[in-house]
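Hi,

Here is the structure I promised to pass on to you. Have a look at it first, and then read my notes below.

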Amino acid sequence: PVLDTEDAWVSAEGPVSIVELALEQKHIHYPLVEHHFVLCTVLYAIMRFSLKSVKPLSLFDSKGKNAFFKDLTSIQLLPSGAMDPNVLSLRQQFLVKVVSAAVQTLCSSQKTKEVSEEELFPFEKGKNWPTLAVDLAQYLQISEDVVRRHYVCELYSYGMDHLGEE
């Protein structure tokens, strides 16, 4: 991009401007950033809901594991369309656990003190874990309908029929 500068700034001395530094940076490989985002979301869900017996790296195939923690400007081989059925099964089980834990947390917090989830976890204001699990399903190549159906079943099983109907 062309940056127009005023004449007064041309003769200015000092360190290089942040705009010039940003323009000199290499372009990132966005699919690799998305891949890391998926890992961060998985790790945060495991921590947030204290999910035991979940091995985060087991949710990724060998190409996916090798792409982690590489330079974000490098082009890495990322998982393609064909996935191992065992990995897909582990991914689906993980998403189901996240949805179940989110509904259980929401219901237990409302039953004990009549407190909403936003008040209980102020740093997660506006974070809807079941919706996030559905979004994550798209990245993990799992049918979003499976996650939605499980969410509705969990709502009904915890007696939140009004939310399940919606």
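Helices, as I use the word here, are DSSP runs of H or I with at least four residues, numbered from the N terminus. Please keep in mind that this is a predicted model.

Let me start with a histidine. Histidine 29 sits in the loop that links α2 (18-24) to α3 (30-48). Its relative accessible area is 15%, so histidine 29 is buried, since buried means under 20%. Leaving aside residues up to four places away in sequence, histidine 29 is in contact with Leu72, Thr73, Ser74, Ile75, Gln76 and Leu78.

Next, a helix pair. Helix α7 (residues 129-139) packs with helix α8 (residues 144-157) at an angle of about 160°, and their axes are 8 Å apart. The two helices are therefore roughly antiparallel to each other, as angles over 145 degrees are counted that way. The crossing of α7 and α8 is right-handed. On the α7 side, the contact is made by Pro130, Ala133, Val134, Ala137 and Gln138, and they meet Glu144, Val147, Arg148 and Tyr151 of α8. By type, the residues of this contact are six nonpolar, one polar and two charged.

Last, the cysteines. How many disulfides does a search of the whole structure find? The search comes back with zero. Cysteine 40 is partly exposed, with 49% relative accessibility, whereas cysteine 107 is buried, at 3%.

Technical notes:
Residues numbered from 1 in each chain as written. Predicted model: local features only at pLDDT ≥ 70, side-chain atom pairs only at ≥ 80, totals over all residues. Heavy atoms only, no water. Disulfide = S-S within 2.5 Å. Buried < 20%, exposed > 50% of the residue type's maximum accessible area, 1.4 Å probe, protein only. Axes fitted to C-alpha atoms, helices over the stretch in contact; angles between N-to-C directions. Parallel < 35°, antiparallel > 145°, perpendicular 65-115°, else oblique. Left-handed = near helix turned anticlockwise from the far one by under 90°. Contact = heavy atoms within 4.5 Å. Nonpolar A, V, L, I, M, F, W, Y, C, P; charged D, E, K, R; others polar.
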